[in-house]
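Hi everyone, thanks for coming.

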Amino acid sequence: MKPIDLAGCVVVDGYDRLLLLHRNTQKFQHWELPGGKVEKGETAEAAAVRELREELGVQVRLVKALGSEEFEDADGYFRYHWFQAVIEGGEPEVQEAGKFDDFDYFDLEDLMSLSLSANMQVLLPKLASAEIILD
């Protein structure tokens, strides 16, 4: 089965905290990276930049690719492409109120106690073990 490609950005603030969005829908109530589906004919990089603009109203610059991982959840089989990014324009603000109700920055250790998306459950151990290192 071919995975559905997703892409998103790890954005950290001056205190090395990660920026997450809180999805609050009938189906999901969890914290996740800003990101989403890679559209037909779109690169993962372009999708990651577009998704941050759509979800948080910010312009970002990708700093580096952090890798990708395939995983399965209740919605299907996915491949998530992670990028580290910096905000170059705008202030984060929830743009899709029907999907998201909050955003915040979190220390890595605080993420352990949150309800996280499947993607974040895959990424978190990689960050905690320094398999993926942020600049």
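You'll find D75 in the loop between β5 and β6. Those labels come from DSSP runs numbered from the N terminus: helices are H or I with at least four residues, strands are E with at least two.

What does D75 touch, leaving aside neighbours within four places in sequence? It is in contact with K27 and F28, where contact means heavy atoms within 4.5 Å. With K27 there is also a polar contact between the side chains, at 2.3 Å. A polar contact is a pair of N or O atoms within 3.5 Å; within protein, one must be able to donate a hydrogen and the other to accept it, and residues adjacent in sequence count only if both atoms are side-chain atoms.

A quick word on where this comes from: it's a predicted model, so local features need pLDDT of at least 70 and side-chain atom pairs count only at pLDDT 80 or more, while totals for chains, interfaces and linings use all residues. Residues are numbered from 1 along each chain as its sequence is written, and side-chain values use heavy atoms, with hydrogens and water left out.

Okay, the sheet. Three strands make an open, antiparallel sheet, in the order β3-β2-β7. Two strands pair if DSSP finds at least two bridges between them. β3 (29-32) and β7 (100-106) are at the edges with a single partner strand each, so one side of each has no neighbour in the sheet. β2 pairs with β7 over 6 bridges, and 4 bridges join β2 to β3. β2 and β3 also form a hairpin, with 4 residues between them. Keep an eye on H22: it stands opposite D102 in β7 and opposite W31 in β3.

Now the inside. In soluble globular proteins, nonpolar side chains tend to be buried together. By nonpolar core I mean a set of buried Ala, Val, Leu, Ile, Met, Phe, Trp, Tyr and Cys residues joined through side-chain atoms within 4.5 Å. The largest one here has 20 residues, and L20, W82 and M120 are among those with the most contacts inside it. Which element gives the most to this core? That's α3, with 5 residues. Not counting residues up to four places away in sequence, M120 touches L20, W31, E32, L33, L111 and P125. A second, separate core has 15 residues, including L52, L56, F83 and F100.

Let's finish with the helices. The buried residues of α3, including M120 and L123, pack against β1, β2, β3, β5, β6 and α2 (108-111). After α3 comes A130, with a positive phi near 65°.

Then there's α1, residues 44-56. Its 13 residues reach 18 Å from first C-alpha to last, close to the 18 Å expected at 1.5 Å a residue; the expected span is 1.5 Å times one less than the number of residues. L52 and L56 are among its buried residues, and the cover over the buried ones includes β1, β6 and β7. Just after α1, G57 takes a positive phi of about 70°.

How values were computed
Buried means under 20% relative accessible area, exposed over 50%, partly exposed in between (1.4 Å probe, protein chains only).
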